[in-house]
Amino acid sequence: NLTGGFDERLHGWGGENLDQSLRAWLCGGEIVRAKTSRVAHMWRTGDRRTATHYRIKAKGTNNRGRVVSAWFGPFKEVARSSVAAADVQNYDAIKNQMNCRPFSYFIYRFRKLYLEGGVIAAESFKLKETSTGLCLSANQNLGDCSSNDFRSVFQLGNVDMKTGKCCSGLRFHGSNECMDFFDKAGPHPYSCDMMGRNMNQQYKLREDGRIQKGDADCIVAVAGTEKRRRIELRPCSNLAADEGVFEKINRREPREHEIYRSELALHQWDKKFPDLPDN
């Protein structure tokens with residue numbers, strides 16, 4: 001077939017969907033769906049009707065690693081694939097035959113998800129509460145800013161549905177999780193809704209330094225020790241001038257954004273395809 005079929009070195013299941021998707025989008029095709037289609041998945045429940053009726057004859061392999069090494073180009077650096085380029089040379093023939101584009105085109109094609117949705121963020125940072133000098137963390141509420149806790153490093157995430165641009169939430173850098181529902185224990189992490197429809201993930205970092213959740217509440221520091229404080233939500237309109245104010249510290253451009261910026265400058269997708277749909 002036109003995409004060259006399946007990578008014959010994939011074994012078992014998993015990864016072939018990623019491979020076929022990238023083959024389609026990078027090599028001149030697209031994937032569409034019939035609006036009336038329905039997709040179902042049958043889980044193994046222990047009931048004999050869902051039992052396996054075949055034997056798996058598969059070799060161990062790093063399917064996703066092969067896809068990353070074959071298609072990600074310079075982005076392989078941040079995807080942490082251990083598969084060497086020499087191991088995916090069987091892709092070269094179809095790439096040359098189909099004149100396939102580099103992976104940065106895929107990111108540009110779906111820029112509303114990857115860029116406006118905050119998957120590839122222009123900046124990562126910690127959030128220091130100015131009155132205590134402690135930093136926001138999902139695990140500690142407010143704790144030591146020198147902590148290596150990955151849930152104390154943030155990036156903006158999720159599309160703002162009002163503007164269609166970034167961002168309406170706070171995403172934990174290097175993960176697929178965002179700050180979600182808030183209770184007495186503080187904010188809880190949950191898988192990011194990049195399109196911004198999950199109202200639990202509405203955390204707005206305001207220009208005055210306050211973190212507003214939803215329409216009216218802001219995060220403030222409350223009882224605790226010198227090294228650790230709890231946080232809670234209070235009406236933003238009732239806060240004192242110095243209450244609930246955060247500042248960004250340890251601000252950095254993530255490596256994946258550096259790579260995308262370099263690739264965009266090289267390939268000029270935004271100039272070649274300024275009207276290309278973004279979702």
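Cys135 is a buried residue in this predicted model, with a relative accessibility of 2%. Its sulfur sits 2.0 Å from that of Cys145, and the two form a disulfide. Cys145 also counts as buried, at 15% relative accessibility.

**The Cys135–Cys145 link**

- Cys135 belongs to strand S2, which covers residues 134-137, while Cys145 is in the loop between strand S3 (141-143) and strand S4 (154-160).
- The two cysteines are 10 residues apart, and their pair links distant parts of the chain.
- The torsion about the S-S bond is about 95 degrees, so this disulfide is right-handed.
- Why does Cys135 count as buried? Its relative accessibility is 2%, and the cut-off for a buried residue is under 20%.

**The Cys178–Cys192 link**

- A disulfide also joins Cys178 and Cys192, with 2.0 Å between the sulfur atoms.
- Which hand does this link have? With 105 degrees about the S-S bond, the link of Cys178 and Cys192 is right-handed.
- Cys178 lies in strand S6 (residues 177-183) and Cys192 in the loop between strand S7 (186-191) and strand S8 (203-205), so the bond ties together parts that are 14 residues apart in sequence.
- Cys178 is buried, with a relative accessible area of 1%, and Cys192 counts as buried too, at 11% relative accessibility.

**The Cys218–Cys236 link**

- Cys218 and Cys236 make another disulfide, and their sulfur atoms are 2.0 Å apart.
- Here the S-S torsion is about 100 degrees, so the disulfide is right-handed.
- Cys218 is part of strand S10 (residues 217-224), and Cys236 is in the loop between strand S11 (229-235) and strand S12 (246-252), so this pair ties together parts that are 18 residues apart in sequence.
- Buried or exposed, how do these two cysteines count? Cys218 counts as buried at 0% relative accessibility, and Cys236 counts as buried at 12%.

**How the cysteines pair up**

- If you number the bonded cysteines of the protein in sequence order, the pairing runs 1-2, 3-4, 5-6, 7-8, 9-10.

**The nonpolar cores**

- The largest nonpolar core has 26 residues. Those with the most contacts inside this core are Leu22, Leu26, Trp71, Phe72, Phe75, Phe103 and Phe106.
- Which helices each supply at least two residues of this core? They are helix H1 (16-26), helix H2 (63-71), helix H5 (103-109) and helix H7 (255-267).
- H5 gives the largest share of this core, with five residues.
- A second, separate core has 17 residues, among them Phe125, Phe154, Leu170 and Phe182.

**Phe75 and Glu256**

- Leaving out residues up to four places away in sequence, Phe75 touches Phe103, Ser104, Ile107, Glu256, Ile259, Tyr260 and Glu263.
- One of these partners, Glu256, is found in helix H7.
- Glu256 is buried, with a relative accessible area of 17%; the cut-off for a buried residue is under 20%.
- What does Glu256 touch, not counting residues up to four places away in sequence? Its partners are Phe75, Val78, Ile120 and His173.

**A nonpolar patch on the surface**

- Trp13, Tyr54 and Ile56 make a nonpolar surface patch of about 420 Å².
- Trp13 is found in the segment before H1. This tryptophan is exposed, with a relative accessible area of 65%.

**The protein in overall numbers**

- The protein has 279 residues, of which 39% count as buried.
- Taken along the principal axes, the C-alpha atoms fill a box of roughly 65 × 55 × 40 Å.
- The protein exposes about 16,700 Å², and carbon and sulfur atoms supply 50% of this area.
- Among contacts between residues at least 6 apart in sequence, 57% join residues at least 24 apart.

Definitions and conventions
Residues numbered from 1 in each chain as written. Predicted model: local features only at pLDDT ≥ 70, side-chain atom pairs only at ≥ 80, totals over all residues. Heavy atoms only, no water. Core = buried A, V, L, I, M, F, W, Y, C linked by side-chain atoms within 4.5 Å. Buried < 20%, exposed > 50% of the residue type's maximum accessible area, 1.4 Å probe, protein only. Helix = DSSP H or I, 4+ residues; strand = E, 2+ residues; numbered from the N terminus. Contact = heavy atoms within 4.5 Å. Patch = residues over 30% accessible without salt bridge, like charges linked within 9 Å, V, L, I, M, F, W, Y side chains within 5 Å. Areas by Shrake-Rupley, 256 points an atom, 1.4 Å probe, with all protein chains shown as cover. Salt bridge = Lys/Arg side-chain N within 4 Å of Asp/Glu carboxyl O. Disulfide = S-S within 2.5 Å.
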